Amino acid sequence: EVPENLQPYIQQADQIGAFIGEECRGLGTLVKIDSASAVFFVLIQGAVTERSKISFKYYSSLKSNMYATTPFLEFIVDGNYGTADVPKIVNLSPVK
């Protein structure tokens, strides 16, 4: 889930990706939870032996701005990070 301050600006054209280094390992699908909030489901691909941390980049089409996280999430085969009922909020910062 994007932070609360970005929730009002979410549009269908927005994009979020999961990255290991500069390589995109998965793109998100926007899912509306209710009239006020939405989450992105991202399937992240990697090898069983993958040990790198994952970062996220989010593009807000309405704000025409890119946001990103630092690498923080360990890649775990068949792992989950949040659910539709209890989503995890990624700490996004504007990219200069």
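A salt bridge here is a side-chain nitrogen of Lys or Arg within 4 Å of a carboxyl oxygen of Asp or Glu. The structure is a predicted model, so local features need pLDDT of at least 70 and side-chain atom pairs count only at pLDDT 80 or more, while totals for chains, interfaces and linings use all residues. Residues are numbered from 1 along each chain as its sequence is written, and side-chain values use heavy atoms, with hydrogens and water left out.

By the salt-bridge rule, the count comes to 4. In one of them, E74 pairs with K53, with the closest N and O atoms 3.1 Å apart. This pair links distant parts of the chain, E74 sitting in strand β6 (residues 73-74) and K53 in strand β4, 21 residues apart. Strands (E, at least two residues) and helices (H or I, at least four) are DSSP runs, numbered from the N terminus. E74 is partly exposed, at a relative accessible area of 38%, and K53 is partly exposed too, at 39%. On this scale, buried means under 20% relative accessible area, exposed over 50%, and partly exposed anything in between (1.4 Å probe, protein chains only).

E22 lies in the loop between β1 and β2 (23-32), so the pair ties together parts that are 35 residues apart in sequence. K57 is partly exposed at 26%, whereas E22 counts as exposed at 69%.

Then there is R25, which bridges to E50 with the closest N and O atoms 3.0 Å apart. R25 is in strand β2 and E50 in the loop between β3 and β4, 25 residues away. Both partners are buried, and together with E23 they make up a network of salt bridges.

Turning to the nonpolar side chains, the largest nonpolar core has 17 residues, with V2, I54, Y58 and L92 making the most contacts inside it. β1 (15-20), β3 (38-42) and β4 (53-60) each supply at least two residues of this core. Such a core is a set of buried Ala, Val, Leu, Ile, Met, Phe, Trp, Tyr and Cys residues joined through side-chain atoms within 4.5 Å. Setting aside neighbours within four places in sequence, L92 is in contact (heavy atoms within 4.5 Å) with V2, P3, L6, F56, Y58, Y67, A68 and T69.
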